[in-house]
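Subject: Structure for your review

Dear colleague,

Please find the structure below, followed by an account of what was found in it. I would be grateful if you would read the two side by side.

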Amino acid sequence: MTISAPQPGQVTNAPFKKRRLPRDIPRFLILSFLSILFLAPVYWMISTSFKTEADAIATPVQWWPANPTLDNYIAVLTSPDGNILRWTWNSLYVALLFTVLHVVVCALTAYPLARMNFKGRNAWFWIILSSLMIPGIVTLVPTYIMMLNFNWINSYHALIWPGISGVFGVFLLRQFFVAIPKELEEAATLDGASNFQILWRIILPLSVPSLVTLAVFAFMGSWNNFLWPLFTVTDVDKMTLPVGITTFSQRYTTEYGKLMASTTLAAVPALIAYLVAQRFLEAGLSTTGLKE
């Protein structure tokens, strides 16, 4: 194979690459450092779950298991002290039901704020949006008292209903609904469609990326929620996975292999949900102004 020399007047990419190279190297190094910074704890969690207890606490730290074993996973799944499969089912049931209700409520709230004309519409939107400035910890005690009066403590109701009206979801869907051409809505109105029919047959089918994006955020938020279930559920059979793991870790305080094995199992469903909806996530974020 021969390489011909550039002819006079021939345009080559060499000068362009030379100009970009000094600027790309710092960017590459910064991104590589940030990637290592974020992925190192995840890698340590997974590698420790395959270590023996002696290797898990050995110094210096073993980044690669010297004696890989599945004993930690077998011990976690078969331990009589903790029912991790029951906790996983509880988390899955609560997260899925919460996700469906959250998306429905946010869509029904965002549609009139985006597409219907009524007095004070913008004022209502900014009032709802301003509640984002209220820290969630401030509403913890009033919400707990409300659940206590409803007699919903130690039940799935306390884990599902309090958070279904999310302001972020309303804002996300409203931004997407506003961008849908009005001509489609006007044509449906001329055909005699009601507001609910326009929402169900036109707006929602065109908003699948944003709906899936909101669903993923809601599912991962409910799945990883720790503080609220810790206060409202004390029955071991009603615990969600993050809370159940803490009781398990207290019993195995120094057994990091079992603790990391249970944490790795808890991360799998959320990772699967992200991988399944990754395509819709990118489309949903890019069309709602949350991604440049």
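A crossing of two helices is called left-handed if the near helix is turned anticlockwise from the far one by less than a right angle, and right-handed if clockwise. Helices (H or I, at least four residues) and strands (E, at least two) are DSSP runs, numbered from the N terminus. This is a predicted model, in which local features need pLDDT of at least 70 and side-chain atom pairs count only at pLDDT 80 or more, while totals for chains, interfaces and linings use all residues. Residues are numbered from 1 along each chain as its sequence is written, and side-chain values use heavy atoms, with hydrogens and water left out.

The chain as a whole

The chain contains 15 helices and 0 strands. Of its 292 residues, 33% are buried (under 20% relative accessible area; exposed is over 50%, and partly exposed is in between, with a 1.4 Å probe and protein chains only). Contacts (heavy atoms within 4.5 Å) between residues at least 6 apart in sequence join residues at least 24 apart in 73% of cases. Carbon and sulfur atoms account for 69% of the accessible surface of the chain, which is about 18,500 Å² (Shrake-Rupley method, 1.4 Å probe).

Helices and their packing

Helix α9 (residues 182–190) and helix α10 (residues 195–206) have axes that come within 11 Å and cross at roughly 160 degrees. Axes here are lines fitted to C-alpha atoms, for helices over the stretch in contact, and angles run from 0 to 180 degrees between N-to-C directions. The two helices α9 and α10 are therefore roughly antiparallel (over 145 degrees; under 35 is roughly parallel, 65 to 115 roughly perpendicular and the rest oblique). The crossing of α9 and α10 is right-handed. On the α9 side, L184, E185, A188 and T189 meet I198, I202 and L206 of α10.

Helix α5 (residues 121–130) packs against helix α8 (residues 167–178) at an angle of about 140 degrees, and their axes are 9 Å apart. This makes α5 oblique to α8. N122, F125, I128 and L129 of α5 form the contact with V167, F171, R174 and Q175 of α8.

Buried residues of α11 include L211, L214, F219 and W223.

Individual residues

S262 lies in helix α14 (residues 256–276) and counts as buried, at 1% relative accessibility. Not counting residues up to four places away in sequence, S262 touches V76, I84 and I245.

D237 is in the loop between α12 (227–232) and α13 (241–251), and is partly exposed, with a relative accessible area of 44%. Its C-alpha atom is 9.9 Å from that of I84, although D237 and I84 are 153 residues apart along the chain. Leaving aside neighbours within four places in sequence, D237 is in contact with R86 and N90.

Backbone features

The peptide bond from T59 to P60 is cis, with omega near -5 degrees; P60 is in the loop between α2 (53–56) and α3 (71–78). N151, in the loop between α6 (140–149) and α7 (156–160), has a positive phi near 60 degrees and is exposed, at 66% relative accessible area. N154 is also found in the loop between α6 and α7; its phi is near 65 degrees, and it is partly exposed, at 26% relative accessibility.

Yours sincerely
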